[in-house]
Amino acid sequence: MTADASDAVEIRNALLRLRRATGLPVAFGGLMEAGRQMRISELSGTATDALRSLAVTSGNGLGGKTVVLARPCVVTDYSASRQISHEYDAPVAVEGLRSVLAVPVVVRHGVRGVLYGALRTALPMGGRMLDAAVEAARDVERALVVRDEARTLAAGGGEGAAWEQVREAHAALRALAPKIADPELRDELLEACALLTAGSASPVRVRLAPREVDVLACVAAGATNALAAERLGVTPETVKGYLRSAMRKLRARTRGEAVVAARRAGWLP
């Protein structure tokens with residue numbers, strides 16, 4: 001799949017969440033391009049532009065090693081490390097980075113990008129930092145899976161693109177409904193949402209709670225847990241709870257499967 005501006009936004013937001021969760025002063029990352037290169041496109045907390053648009057070849061440097069192994073990699077002192085090759089020492093030195101971690105963004109068994117976190121001192125990266133980086137990468141992965149599905153549908157022609165607009169409208173209306181104080185007006189809005197799913201229900205309709213549908217609608221529109229929480233006025237943990245419950249009812253193993261199952265059951269357009 002080809003990356004677009006919305007994918008870059010997911011990387012940017014993930015880097016901000018990573019820095020907030022860990023206190024790391026610097027984070028950066030990017031997505032794979034055609035061939036064996038990953039380009040660093042998003043910077044957070046950097047003091048220079050030395051890393052911007054840097055093309056990282058698979059196998060080279062810390063990020064290239066992460067792409068090849070498809071697992072997190074960490075070095076305590078980048079320029080002195082014997083665990084990596086050193087093609088990118090110059091821009092790393094200009095930015096003044098020492099300890100660096102890199103986590104792959106893996107979608108359907110393929111590496112789609114890399115998130116980095118860094119310190120300007122040569123100190124060990126704790127498990128909390130690595131766990132937060134992995135969670136940030138998982139958020140990006142989940143968003144990319146949903147967007148891949150949306151692009152596949154849109155590639156079928158104008159009808160697919162039109163359906164994507166319907167789904168985005170449905171998600172926006174579902175998120176708006178709980179904020180309306182007037183119960184009659186709120187019910188009318190939810191009835192309008194139901195019209196968008198009319199005719200898509202399967203013979204056996206799985207029972208979902210309203211908030212479970214709200215969360216699935218956000219996920220179907222490509223929102224991460226953090227973004228869904230912001231739209232719905234709840235915490236990310238609450239979003240995760242509703243999503244887990246919906247996945248269990250729909251017998252889905254992933255967010256993407258849950259969205260597909262909810263559409264088949266008539267809960268989403």
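Modeller: Two strands count as paired if DSSP finds at least two bridges between them, and strands (E, at least two residues) and helices (H or I, at least four) are DSSP runs, numbered from the N terminus. This is a predicted model, in which local features need pLDDT of at least 70, side-chain atom pairs count only at pLDDT 80 or more, and totals for chains, interfaces and linings use all residues. Residues are numbered from 1 along each chain as its sequence is written, and side-chain values use heavy atoms, with hydrogens and water left out.

Biologist: Which residue in β2 stands opposite Gly-30?

Modeller: Gly-30 faces Ile-40 there, and β1 is joined to strand β2 (residues 37–44) by 6 bridges, the two running antiparallel. Strand β6 (residues 110–118) is also antiparallel to β1, again through 6 bridges, with Ala-27 opposite Gly-117.

Biologist: Which residues touch the most other members of the largest nonpolar core?

Modeller: In soluble globular proteins, nonpolar side chains tend to be buried together. A nonpolar core is a set of buried Ala, Val, Leu, Ile, Met, Phe, Trp, Tyr and Cys residues joined through side-chain atoms within 4.5 Å. Here the largest has 28 residues, and Leu-208, Leu-216, Leu-250 and Leu-268 touch the most other members. Helix α7 (210–220) is among those supplying at least two residues, and α7 gives the most, with 7.

Note on methods. Buried < 20%, exposed > 50% of the residue type's maximum accessible area, 1.4 Å probe, protein only.
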